[in-house]
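Have the structure open as you read.

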Amino acid sequence: MNNIGNINNIKYDGNNNDSKITTIETPSKVILFGEHAVVGGYMALSMAVDLKISGLLECYDYIINNQQPTTPEPIIIDLIDLNKKVEINPQDILNINLSNYDNDLKYVASTLKNTVNYLMDKNLMKLNPINNNIKPFKLTITSNIPISCGLGSSASIIITIIKSILTVHNLILSKEEISKIAYTVEKEVQGIASITDTSTIIYGGALKIKDNKIKPIENNDFNNLLAGCQFLIVHSERRIKKTAELVNEVAKHPQKRQIFKQIGEIVEKAEFVKNKEELGKLMVENHKLLNKLGVSTEKLNKIVEIGQKLGYGAKLSGAGGGGIAIILINENKKEDLLNELNDLGVLGIYDCIIKY
Ligand SMILES: Nc1ncnc2c1ncn2[C@@H]1O[C@H](COP(=O)(O)OP(=O)(O)OP(=O)(O)O)[C@@H](O)[C@H]1O
Ligand SMILES: C[C@@](O)(CCO)CC(=O)[O-]
Ligand SMILES: [Mg+2]
């Protein structure tokens, strides 16, 4: 890892109108139904959640003053939670080769490359050795999203970096365009991906995704039912595998086609349930199929059992292999539920607050 470099030129003065320090916040997501099968073209139902990544974005003085730098400055992305840093000169971004980056840094490197590529294709950015139009910045990232556990931390970091690049260059892209870049990154790093995580985080609220297109949930009875539901996010255990590995393992599962189809059928039914009991039951059915796909664990299964007994239902959420489960809670039994989860021993319990 390189040194931090000379950041003396960064104006870090929150009270000075000339300085450019911005905080960029990006939420996370939970998948209520349909993970994995969604990459096969079936429907998923997901929600943006108010656990977030915060990026402190700092620009160099000469950018604020619209001048050329006297010496070239790097782009620095400081990943506090990982204790790792990416430092790159703007003119090297297009030559990024992901295989030179360690696994933890691939999302960052791919986002830099794909965002700059997209902006250059659209003529919104130039790379010219004399007048280098890609501006350096420093981005310090912290997160209260548990990393790599099914809450879409990869999507959240991708979007934080895209928004930072746009902010530094005073550019605005539509949600659709940001989604396009973000999906390209998830796909490049994972090999196989859907737009679910990135689009949910960009658009916010609860959404349906099918065939890599997003659709709002139009059934108002279901929207009202969802609004009255309380979900708990339970961080079961550390996930050893990343989403990239899990989706690639699922792709080789001999019963993949049949299980994806069955998951798809459950998701199609979900929007038409009448009450929490029916919704919880479908969650458990979806979980059982994810278990069959090989992405559950003993502990996740135990949490789902508890969620079924003391709530309306539960399932693992995200790519699985450990990580999180989501429980639809029954207010009258919440205390008993929390006690059983604590007795089992879990890494964390969060109220699921939907981020619109
Ligand atoms: N706070 C963070 N700082 C740096 N990198 C992060 C951070 N959060 C996520 N990442 C990157 O995202 C990777 C985790 O992505 P992964 O897709 O495996 O899990 P996830 O997105 O949390 O879960 P899922 O894809 O199941 O929703 C990390 O290994 C790291 O590369
Ligand atoms: C497992 C998966 O379906 C969801 C991960 O949160 C992968 C994807 O859709 O890209
Ligand atoms: Mg991910």
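Two residues are in contact here if their C-beta atoms, placed from the backbone, lie within 7 Å. By that test Asp197 touches Lys29, Gly152, Ala155 and Glu186, leaving out residues up to four places away in sequence. Keep in mind that this is a predicted model.

Q: What makes Asp197 count as buried?
A: The cut-off for buried is 20 or more other C-beta atoms within 10 Å. Asp197 has 34 C-beta neighbours inside 10 Å, so it counts as buried. Its place is in helix α5, and an unreviewed UniProt entry lists Asp197 for "active site".

Q: Why is Ser153 called buried rather than exposed?
A: Exposed would need 12 or fewer C-beta neighbours, and buried needs 20 or more. Ser153 has 24 inside 10 Å, so buried it is. You'll find Ser153 in helix α3, touching Ser28, Ser143, Ile145, Ile147 and Ser148 once residues up to four places away in sequence are set aside.

Q: And what makes Ser154 buried?
A: With 25 other C-beta atoms within 10 Å, Ser154 is buried, given a threshold of 20. Ser154 is also found in helix α3. Leaving aside neighbours within four places in sequence, Ser154 is in contact with Tyr107, Glu186 and Thr243. The unreviewed UniProt entry lists residues for "binding site", including Ser153 and Ser154.

Q: How do you know which residues surround ligand 1?
A: A residue is in if its C-beta atom lies within 6 Å of the ligand. That gives 22 residues around ligand 1, and the closest are Ser153, Ser154, Lys242, Thr243 and Gly318. β5 (137–143) and α3 (153–168) each supply at least two of the shell residues, with α3 giving the most, three residues. By class, the shell holds 10 nonpolar, eight polar and four charged residues.

Q: Why is ligand 1 said to lie between domain 1 and domain 2?
A: Because domain 1 (21–210) and domain 2 (220–351) both give residues to the shell around ligand 1.

Q: What about ligand 2: which residues of its shell are the closest?
A: Glu35, Ala193, Ser194, Gly318 and Ala319 are the closest of the 15 residues that surround ligand 2. Among the contributors, α5 (196–203) and α7 (243–251) each supply at least two residues of this shell.

Q: Why is ligand 2 placed between the domains?
A: Domain 1 and domain 2 both give residues to the shell around ligand 2, so it lies between them.

Q: What is known about how domain 1 and domain 2 meet?
A: The domain assignment of the protein chain gives domain 1 (21–210) and domain 2 (220–351). Their C-alpha centres lie 28 Å apart, and the contact takes 29 residues from domain 1 and 31 residues from domain 2. On the side of domain 1 that touches domain 2, β1 (21–33), β2 and α4 (175–190) each supply at least two residues. The largest share of that side, four residues, comes from β1. By class, that side of domain 1 has 18 nonpolar, 10 polar and one charged residues.

Q: Which residues touch the most other members of the largest nonpolar core?
A: Ala182, Ala325 and Ile326 do, in a core of 99 residues. Strand β2 (residues 44–59) gives the most to this core, with nine residues. The core draws at least three residues from each of domain 1 and domain 2. Ile326 itself touches Val30, Leu32, Phe231, Ile233, Ala314, Lys315, Ser317 and Cys352, not counting residues up to four places away in sequence.

Q: What makes Asn114 and Val185 a pair in contact?
A: Here the test is C-beta to C-beta, within 7 Å. Leaving aside neighbours within four places in sequence, Asn114 is in contact with Ile181, Thr184, Val185 and Glu188. Asn114 and Val185 are 71 residues apart in sequence, while their C-alpha atoms are 6.8 Å apart in space.

Methods: Residues numbered from 1 in each chain as written. Chains lettered and ligands numbered in written order. Predicted model: local features only at pLDDT ≥ 70, side-chain atom pairs only at ≥ 80, totals over all residues. Domains from an automatic or database assignment. Nonpolar A, V, L, I, M, F, W, Y, C, P; charged D, E, K, R; others polar. Core = buried A, V, L, I, M, F, W, Y, C linked by C-beta atoms within 7 Å. UniProt positions renumbered as here; feature names shortened; annotations may be inferred.
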